[in-house]
Every structure is written in C-alpha cells, then in structure tokens.
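Dear colleague,

Please find the structure below, handed over for your reference. My notes on what was found in it follow directly after.

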Amino acid sequence: MQFVFLAYPSCPELRVLSFLGVSMAYALIISGNVLIVVSIQAEARLRVPMYYFLGSLSGVEMCYTAVVVPHILANTLQSEKTITLLGCATQMAFFIALGSADCFVLAAMAYDRYVAICHPLQYPLIMTLTVCVRLVVASVVTGLFLSLQLVAFIFSLPFCQAGGIQHFFCDVPPVMQLVCANSHFHELSVLVAATLAIAVPFFLIATSYAFIAATVLKMHSAAGRHRAFSTCSSHLTVVLLQYGCCAFMYLRPRSSYHPQQDQFISLVYTLGTPMLNPLIYTLRNSEMKRAIGKVLTRNCASESN
C-alpha cells in the first residue's frame, strides 16, 4: 500500500518558489545550529551544563528537520509524491521520536536553570557532566520509546484504500484521518501518547519556573533579579513557541482537524522553530555572540591566509 501527499502545489512556478523557500530555510537551520555546536566546542568558557544542553538541543533539531525537510524538497519537484506504508511509518517514528526528545531536552534545560538559580552553591555538585549526558540520553530514549509505541499502534489500524494524505509528510493527525476504524479508543490512545510526550515535559518546565520565579522575587538586588530572568528569557521564548505549536497540533480531538491550517502550523514547528532558535539564543546571550564572533573571525582569518 502507498500513500500520496496532496498538499504540494501543482503549479510549476509555485513548486519552484516553494523549493527555493524551503531550501533557504533549511540552509539557515543547518548553518545556525552547526554554528552553535561548533562555538560551544571551540570556546572553553561555554563548556558548562547550560551550553551543553543548548548544543544538544541544536543537534536534536538538526536531526529532527533532516527527517522530513529533504523529503519535502524532493517531493516538491517530483511529479509522483508517494510513500510506502513502511516508509511512512519510519518517517513518522523518527519525526515523533526526535520531536519528543526536543521537548524533554527543553525540560532538562529548565531543570538546569532551576538548580542554578535556586541552589547555586550545590549547582557544581548536582549538574555534573555525567548528569547532563544522562539527561540528554534519557530524553532521546524516552522519545524513541513513546514514538515506537505510538507508531506501532497507529499502523496496526486498518487504513482506507484511498491513501491521500492532506499534508507534506507523515504526521500523526493527517495519517489518523485515513484510519477506517471509527473508535474513541483509538483517538484516546493517540491523545494519551501525545500528552506524555508534550504535556509531561511542559509540566516539568512550568514547575521549574514556578520555583525560579519564587526564588527571584525574594532577591533584594534588582541587578540580581534582572540577571536571573535574562538567563531564562531565551529558553522561555523557545518553550512557548515550540509547545504552543505542538499542543495545537496533537492535544486535540480528531474531529477538529483542518488540513490547510494544520499544514501551516506544521511548517512553523518543522522549519520556523528550528530556524528561530539559534537567533533567539544568540541575540539574547552575549557569551554566545562573542563565541560565534570568534569562530567566524577565526574562519575568515584562516581562509585569507
């Protein structure tokens, strides 16, 4: 059985424009996130837990976009936009796994900020490199486990013969529209898996920031409060952008699915969020700006020599 993607433009001019737009966005995603990872590795001052998590987030997001964006680019120019049942299941499994890992890494980053602000004296003892590595590995393994459970369940359901997916890639809501079995149990099972992957890490982030806010408000120094909030502002911006899109897409009933609206939202969290994250973290962080400036200057100097 094969699925056909129906969301791609049929007009040749629109196809070329779409290809160029997505290619530019993908180039910015890869270059921005690679620059963050290289800068963190090159600058000794940035080899601390906060930047280790930031580098891990950039790595996850590069893999996350690589699962679907090259496929979108190829389909934009191809006349036949089909995918096999196994190919669709594989794409969905990796997309959901890495997307879930992204959410859990953001939760680990919130925990890091909580320890740094609420328990500054114990911070070097609690947030060791071993703990950071374990948190990142646990995020990826948990995302993979949830994804495999969800995808195995979805693709065990009967699909209708007319396999037209109103989307750019194999995502959960459009694929669920092709399921012939009309059961609230199926919908509820998918909703539970989405809740574990999205709502649970968001609850952990919200709890961390509740403790952070309580600690910051008790500070007598205005400069101390400003410094504490400034270290969290970039992370909060990314969290709101990422979780807002994911909650809209996955934490809702199947009956509220709207193809055109959902296609736009999916492009936001597939291309927009990974492209904006490097900008958000560098524009609001003087240390990252200095490190990236050094890397770029060093590369320019080596090329001129």
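Glu43 has its place in the loop between helices α1 (12-42) and α2 (49-77). Helices (H or I, at least four residues) and strands (E, at least two) are DSSP runs, numbered from the N terminus. The model is a predicted one, in which local features need pLDDT of at least 70 and side-chain atom pairs count only at pLDDT 80 or more, while totals for chains, interfaces and linings use all residues. Residues are numbered from 1 along each chain as its sequence is written, and side-chain values use heavy atoms, with hydrogens and water left out.

With a relative accessible area of 10%, Glu43 is buried. Here buried means under 20% relative accessible area, exposed means over 50%, and partly exposed lies in between (1.4 Å probe, protein chains only). Apart from its neighbours within four places in sequence, Glu43 is in contact with Ala291 and Lys294; contact means heavy atoms within 4.5 Å.

The side chains of Glu43 and Lys294 meet in a salt bridge, at 3.3 Å from N to O. Glu43 lies in the loop between α1 and α2 and Lys294 in helix α10 (residues 286-304), so this pair ties together parts that are 251 residues apart in sequence. A salt bridge is a side-chain nitrogen of Lys or Arg within 4 Å of a carboxyl oxygen of Asp or Glu. Lys294 itself is partly exposed, its relative accessible area being 38%.

Glu43 also meets Arg45 through their side chains in a salt bridge of 3.5 Å, N to O. Arg45 is partly exposed, with a relative accessible area of 42%.

**Other charged residues**

The structure holds 3 salt bridges. Among them is the one between Arg113 and Asp112, whose closest N and O atoms are 3.0 Å apart. Both Arg113 and Asp112 are buried.

Arg15, found in helix α1, is buried yet has no salt bridge. The nearest side chain of opposite charge to Arg15 is that of Glu13, 9.0 Å away; Lys and Arg count as positive and Asp and Glu as negative, whereas His and the chain ends are not counted. Leaving aside neighbours within four places in sequence, Arg15 is in contact with Pro9, Ser10, Thr76, Leu77, Gln78, Ser79 and Lys81.

**The sheet**

An open sheet is formed by 3 strands in the order β2-β1-β3, with mixed pairing. Strands β2 (82-84) and β3 (164-165) stand at the edges, each with a single partner strand, so one side of each is left without a neighbour in the sheet. Helix α3 (residues 85-118) packs on the sheet and touches β1, β2 and β3. The direction of α3 makes about 90 degrees with that of β2; axes are lines fitted to C-alpha atoms, for helices over the stretch in contact, and angles run from 0 to 180 degrees between N-to-C directions.

Two strands pair if DSSP finds at least two bridges between them. Strands β1 and β2 run antiparallel and are joined by 3 bridges, and Phe3 has Ile83 as its bridge partner in β2. Strand β1 (residues 2-5) pairs with β3 in the parallel sense, over 2 bridges. On that side, Val4 stands opposite Gly164 in β3, and the bridge partner of Phe5 is Ile165. Strand β1 has a covered face, made up of Phe3 and Phe5, and an uncovered one, made up of Gln2 and Val4.

**Ile165**

Ile165 has its place in strand β3 and, at 0% relative accessibility, counts as buried. Leaving aside neighbours within four places in sequence, the residues in contact with Ile165 are Phe3, Val4, Phe5, Leu6, Ala7, Cys88, Cys170, Pro174, Val175 and Leu178. Ile165 and Ala194 are 29 residues apart in sequence and, from C-alpha to C-alpha, 20 Å apart in space.

With kind regards
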